[in-house]
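Keep the structure open as you read.

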Amino acid sequence: GLTGNKGWRPHWRDPEPKPEYDIVIIGGGGHGLSTAYYLARDHGLKNIAVLERGYIGGGNIGRNTTIVRANYFLQGNSEFYSHSLKLWEGLEEDLNYNVMHSQRGIINLFHSDGQRDAAARRGNMMISQGDDAILLGREELRKMVPYLNFDDLRFPLYGGLYHPRGGTARHDAVAWGYARGADQRGVDLIQNCEVTGIDIENGKVKGVQTVRGPIRAKKVAMVAAGRSSQVAAMAGMRLPIESHILQAFVTEGLKPVIDNVITFGMGHFYISQSDKGGLVFGGDLDFYASYAARGNLPTVEHVMEAGMALMPMIGKAKVLRSWGGIMDMSPDGSPIIDKTHIDGLYVNCGWNYGGFKAVPGSGSVFAHLIATGNYHPASTRHRLDRFRTGRGIIDEEGKGSQHN
Ligand code: FAD
């Protein structure tokens, strides 16, 4: 089908690594690429390399279920995800790239009076943060999503918290758009370049060792998502991160049937429909630590059962593919965006199930920190030492009905 497109050129250059950069970013996922982009766009820094062990888009940025939202409750997360959603809303214009950002709305289902109260509280928090939320009762919910199992679901449907500005985006396009934008501003994106060591002298970072030779750098940023602990260990650091597998699934393409994103926290299930027509859905972690980007069958069975319970009609669709990604789980479910005790070494990780929606926000606040040395106002609480001191924990795991 693509044979007629012979004139197509790569979106970014394929440069050889230079011996030295001002800033080296380890990890060419969504967060590494957006950090590079905002360093160049907002701070005029260009002598930057993004080092990626595989290919751009091969990590979680190309494996997630693409949900974008700003419906967090706790201070720290609330203002950060609000900042990120605003960047999403101007992203296509900014990157001049179609990332297929679709604000189709998200509905988090609730199933008891207690859950309704919690949803109302969350909705009020979202509104006071400047975002949007509408509490739907059972009949309003039925009008919007009549195909849900209103009759004999084990957890009866009481209603849903509707977040109209939430939605989805095309994950690969987000990686490609940021990659092209960074490349156009002079950033070197170097693929097949695994970092194997971090050079430190007298408490200051000096550069990295890679499979393509050593590279000196004044500043080094670790943005390796599921492999954050392994990368930080190269600097002698032990991060409060466990890596776990999260699986996802897509069916054959169908005509439009699901208009929004629906999360069913009690069943550990969430679903949306891609623009190509596939039903994209997932559930909970596989619950064992691993660096294998594939999961196990009991989780597959659990997710399918939850899907069938919530919307029996999906039993007619054929599942086309399933896959897994390595999640960097932090103890409180919230991210770490910080300096380290090593001068010039920075860390960005702990994205748990939900780092796709954070890609623009994370890149912008991390770039601000690396360039200026100061915390961005939208990220004053994502400190690494909160796990040592116990102060400033942001215990909002994004689990249950807030999943992904
Ligand atoms: P990655 O793309 O994984 O980037 C990290 C990169 O670092 C990788 O490319 C890796 O190869 C590279 N790297 C690692 N070690 C080295 C090294 N030594 N040297 C050089 N490079 C290295 N989030 C949402 O907000 N909404 C969702 O709906 C959602 N659904 C998800 C569903 C699934 C199945 C999964 C797996 C994740 C989901 N997420 C979701 C989470 C989200 O995808 C991640 O939190 C986010 O993508 C992680 O950041 P990243 O894009 O930078 O990661």
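Contact here means heavy atoms within 4.5 Å of each other. Keep that cut-off in mind for the helix below. The model is a predicted one.

Which residues of α4 are buried? They are Ala 119, Arg 122, Gly 123 and Met 126. Viewed down the axis of α4, these buried residues fall within an arc of 105°, so they line one face of the helix. Their cover includes three strands: β4 (106-110), β5 (134-137) and β6 (159-163). Now turn to the other side of α4. There, Asp 117, Arg 121, Asn 124 and Ser 128 are exposed. Just after the helix comes Gly 130, with a positive phi of about 100°.

Rolling a probe the size of a water molecule over the atoms shows where empty space is left. How many cavities of 30 Å³ or more does the count give? The count comes to one. The volume of the largest cavity is about 70 Å³. Its lining is made up of 12 residues. Nearest the centre of this cavity lie Tyr 72, Gly 333, Trp 351, Asn 352 and Gly 354. By class, the lining has four nonpolar, five polar and three charged residues.

Technical notes
Residues are numbered from 1 along each chain as its sequence is written. This is a predicted model: local features need pLDDT of at least 70, side-chain atom pairs count only at pLDDT 80 or more; totals for chains, interfaces and linings use all residues. Side-chain values use heavy atoms; hydrogens and water are left out. On a 1 Å grid over the protein atoms alone, a cavity is a set of points where a 1.4 Å probe fits but cannot get out, and a pocket is an open set with protein on both sides within 12 Å along at least five of seven lines; lining residues have an atom within 4 Å of a point. Grid points are joined across faces, edges and corners, and a volume is the space filled by probe spheres set on the points. Ala, Val, Leu, Ile, Met, Phe, Trp, Tyr, Cys and Pro count as nonpolar, Asp, Glu, Lys and Arg as charged, and the others, Gly among them, as polar. Buried means under 20% relative accessible area, exposed over 50%, partly exposed in between (1.4 Å probe, protein chains only). Helices (H or I, at least four residues) and strands (E, at least two) are DSSP runs, numbered from the N terminus. The arc is that of the directions from the helix axis to the C-beta atoms.
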